[in-house]
Amino acid sequence: MAFASMAAVAARPSSIALLTRRRPRSIFTPLASLSSSFRTRKLVLYSKPGCCLCDGLKEKLQAAFLLSGPHSLHDVDLQVRDITSNPEWERAYQYEIPVLAKVLSDGTEETLPRISPRLGVELIQKKIAAALSQ
């Protein structure tokens, strides 16, 4: 009897598996994006699945977006783009990822200097804030 109940439990999908299947709409949702009164700055991260440098930078960016202070990134909208989904992006960035680019007011992109995922979160926040203010 105990064996039958264990088999029934094993046959049900676990809630952990169900939670990991859902993909968040956006990795970063800055609080400032909830209000239209704030000017939103935009960044694009070009990456690809399985890239350990990309994953490391994503983690550091997520932490940097949560920090407050004079270099706050709360008003920055980050879009992560998978270069394998677009041949043009793949040709341009296949040997350079992770690549961060800021979106200018006219919609064009300007590639930022490479940011190492080995840097501290505060320094990454400061470098991005400085690049976005130029």
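Read along the sequence, the protein chain follows the pattern α-α-β-α-β-α-β-β-α. The model is a predicted one.

Trainee: How many helices and strands does the protein chain have?

Mentor: There are five helices and four strands.

Trainee: What makes the span of helix H5 agree with its number of residues?

Mentor: Helix H5 holds 13 residues, 121-133, and at 1.5 Å a residue these should span 18 Å. The C-alpha atoms at its ends are 18 Å apart, so the two values agree.

Trainee: Which residues of H5 are buried?

Mentor: Val121, Ile124, Gln125, Ile128, Ala129, Ala131 and Leu132 are buried in H5.

Trainee: How do you know on which side of H5 they lie?

Mentor: Around the axis they cover an arc of only 165°, and therefore they are on the same side of H5. An α-helix has 3.6 residues a turn, so residues three or four places apart point the same way. On the other side of H5, Glu122 and Ser133 are exposed.

Trainee: Against which elements do the buried residues of H5 pack?

Mentor: They pack against strand S1 (41-47), helix H3 (52-66), strand S2 (76-82) and strand S3 (99-103).

Trainee: Why is Leu132 called buried?

Mentor: A residue counts as buried under 20% relative accessible area. Leu132 has 12% relative accessibility, and therefore it counts as buried. Leu132 is found in helix H5.

Trainee: Which residues is Leu132 in contact with, leaving aside its neighbours within four places in sequence?

Mentor: Leu132 is then in contact with Arg41, Lys42, Leu43, Leu73, Val76 and Lys102. For Val76, which is 56 residues from Leu132 along the chain, the C-alpha atoms of the two are separated by 9.2 Å.

Trainee: What joins S1 to S2, and how do the two strands run?

Mentor: Seven bridges join S1 to S2, and the strands run parallel. Two strands pair if at least two bridges are found between them, so S1 and S2 meet that condition.

Trainee: Which unit do S1, H3 and S2 make?

Mentor: Together, S1, H3 and S2 make a right-handed β-α-β unit.

Trainee: What share of the contacts in the protein chain with a separation of 6 or more comes from residues 24 or more positions apart?

Mentor: Such residues account for 70% of those contacts. Of the 134 residues in the protein chain, 29% are buried. The accessible surface of the chain comes to about 9300 Å², and carbon and sulfur atoms hold 56% of that surface.

Methods
Residues are numbered from 1 along each chain as its sequence is written. This is a predicted model: local features need pLDDT of at least 70, side-chain atom pairs count only at pLDDT 80 or more; totals for chains, interfaces and linings use all residues. Side-chain values use heavy atoms; hydrogens and water are left out. The expected span of a helix is 1.5 Å times one less than its number of residues. Buried means under 20% relative accessible area, exposed over 50%, partly exposed in between (1.4 Å probe, protein chains only). The arc is that of the directions from the helix axis to the C-beta atoms. Contact means heavy atoms within 4.5 Å. Accessible areas come from the Shrake-Rupley method with a 1.4 Å probe; for residues, only the protein chains shown count as cover. A crossover is right-handed if, with the strands pointing away from the viewer, the path from the first strand over the helix to the second runs clockwise.
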